[in-house]
Amino acid sequence: MTVTKALPPQILRARLGYVPALDGLRSLAIALVAVYHGVMPAHFGGAGGVDVFFVLSGFLITTLLLEEHEASGRVYFRRFYLRRAIRLYPPLLLMLAVVFIPITLTMGINTATTGSGLSLFYLMPIGAESGLTSLSPYEHTWSLGVEEWFYFVWPPILLLLLRRPRRWAPIAASAAAVVLIAGAFLAEARTGEVSFILRAGGLMAGCALALFLRGSSFTPGRWFGPAGLALVAFGVLHSSVAPFSTLDVVISVAGTLLLIVALTRGPRDLLHRALAAEPMAYVGRISYELYLWHYPVLCLFGVLNRSDWLEVGWFALPLSFALAVAAHWATRPVTSRLRSRMTRWIPA
């Protein structure tokens, strides 16, 4: 499916390109999530790291879709979904294959097959919401499911919005983000727990930011970066001393929005340079693999040691990092080969 109506020339923007500081922000997000899991049952408020990922994803994916639309007057859905499958599936399949036997031996065949199936088809959000997969070594893949199902819906809606006057697209996306977040507050008030699925409000907020910035010459003040970092830090602190809530999700989302604006439109200040440093950027580039591996590794060693994750985290997390690096390099030839073939299947 394509759309041939290009955006007006006066709002065409330069390509965003690669921004190492955004990978540094990813490294901060994965560190929050990994430590949050690695010190359980001690209470550390790193769960909002997932929302940092969501906002970043929504911003970058929407920016890429807009750039393609501006350059060619269309968006190729087949190419978009195939590129995502090529990027996401090889590392996921490798992780599922490697951990299947250890999880079967330690937690049973039902746990291994059910978790693998839900992860493979991105259905873990349903399992997580229902409570059926509680303490499953695959439960962390709920966020992958939320993201992928969101991207089945968002690109066609975006193209419909781009047929309308330009000002309506960011307004509509912002309204959708507000509705999702309001729904998350209502769901928490009813169930007492944060909704996994409705945390897609962070994805939508990132999409709205991309739409606002794409047609704007806005330049942020120097306070955007420090304020965004302070908000993320406050969310971590707040959820460390109280149960994680939808309010903490909103705080993390707001902080990430400010950080993205600062890192893409602001000056190359100390914060920008720190996040763009190669060690930070590298961790960000393998953050997907880190996310995939750290949770089942913690689960396995927790079961084997018959202990809380806090007792095994000190060696399970470094091992997860090593496995993530190995998985990243092991799957690169596969993804490169598939991308090369994709250019023959779907010419650029």
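**Figure 1. Surroundings of Gly-202 in the predicted model.** Leaving aside neighbours within four places in sequence, Gly-202 is in contact with Phe-54, Val-55 and Val-253, where contact means heavy atoms within 4.5 Å. Gly-202 lies in helix H8, residues 200-214; helices (H or I, at least four residues) and strands (E, at least two) are DSSP runs, numbered from the N terminus. With a relative accessible area of 2%, Gly-202 is buried. Buried means under 20% relative accessible area, exposed over 50%, and partly exposed in between, with a 1.4 Å probe and protein chains only.

The whole protein. The C-alpha atoms fill a box of roughly 65 × 50 × 40 Å, taken along the principal axes. For 348 residues, a compact globule would have a radius of gyration near 20 Å, and the 20 Å of the protein agrees with this; the radius is taken over C-alpha atoms, and the globule rule is 2.2 Å times the number of residues to the power 0.38. Buried residues make up 50% of the 348 residues. Among contacts with a separation of 6 or more, 79% join residues 24 or more positions apart.

**Figure 2. Surface and charges.** The accessible surface of the protein comes to about 16000 Å², and 68% of this surface belongs to carbon and sulfur atoms. These areas come from the Shrake-Rupley method with a 1.4 Å probe; for residues, only the protein chains shown count as cover. There are 28 positive and 17 negative side chains, and the centres of the two sets lie 15 Å apart. Lys and Arg count as positive and Asp and Glu as negative, whereas His and the chain ends are not counted. The place of a charge is taken as NZ of Lys, CZ of Arg, CG of Asp or CD of Glu.

**Figure 3. The largest nonpolar core and Phe-59.** Of the 89 residues in this core, Leu-22, Phe-59, Leu-92, Trp-142, Phe-150, Trp-154 and Ile-260 touch the most other members. Helix H2 (residues 49-72) supplies the largest share of the core, 11 residues. A nonpolar core is a set of buried Ala, Val, Leu, Ile, Met, Phe, Trp, Tyr and Cys residues joined through side-chain atoms within 4.5 Å. Beyond its neighbours within four places in sequence, Phe-59 is in contact with Leu-16, Leu-22, Gly-206, Cys-207, Leu-209, Ala-210, Leu-213, Ile-260 and Thr-264.

**Figure 4. Ala-21 in helix H1.** Ala-21 is found in helix H1 and is buried, with a relative accessible area of 0%. Its partners, apart from neighbours within four places in sequence, are Leu-263, His-272, Leu-275 and Ala-276. Ala-21 and Leu-300 are 279 residues apart along the chain, and their C-alpha atoms are separated by 33 Å.

**Figure 5. The loop that holds Pro-41.** Pro-41 has its place in the loop between helix H1 (20-38) and H2. The peptide bond from Met-40 to Pro-41 is cis, with omega near 10 degrees.

**Figure 6. Two loop residues with positive phi.** Tyr-122 is not a glycine, yet its phi is positive, at about 55 degrees. The place of Tyr-122 is in the loop between helix H4 (109-120) and helix H5 (124-130), and Tyr-122 counts as buried at 8% relative accessibility. Arg-306, also a residue other than glycine, has a positive phi near 50 degrees. Arg-306 has its place in the loop between helix H13 (287-305) and helix H14 (309-345), and is exposed, with a relative accessible area of 80%.

**Figure 7. Phe-321 in helix H14.** Phe-321 is found in helix H14 and counts as partly exposed, at 34% relative accessibility. Leaving aside neighbours within four places in sequence, Phe-321 is in contact with Val-283, Ile-286 and Leu-290. Phe-321 and Leu-290 are 31 residues apart in sequence and 6.1 Å apart in space, C-alpha to C-alpha.

Definitions and conventions: Residues numbered from 1 in each chain as written. Predicted model: local features only at pLDDT ≥ 70, side-chain atom pairs only at ≥ 80, totals over all residues. Heavy atoms only, no water.
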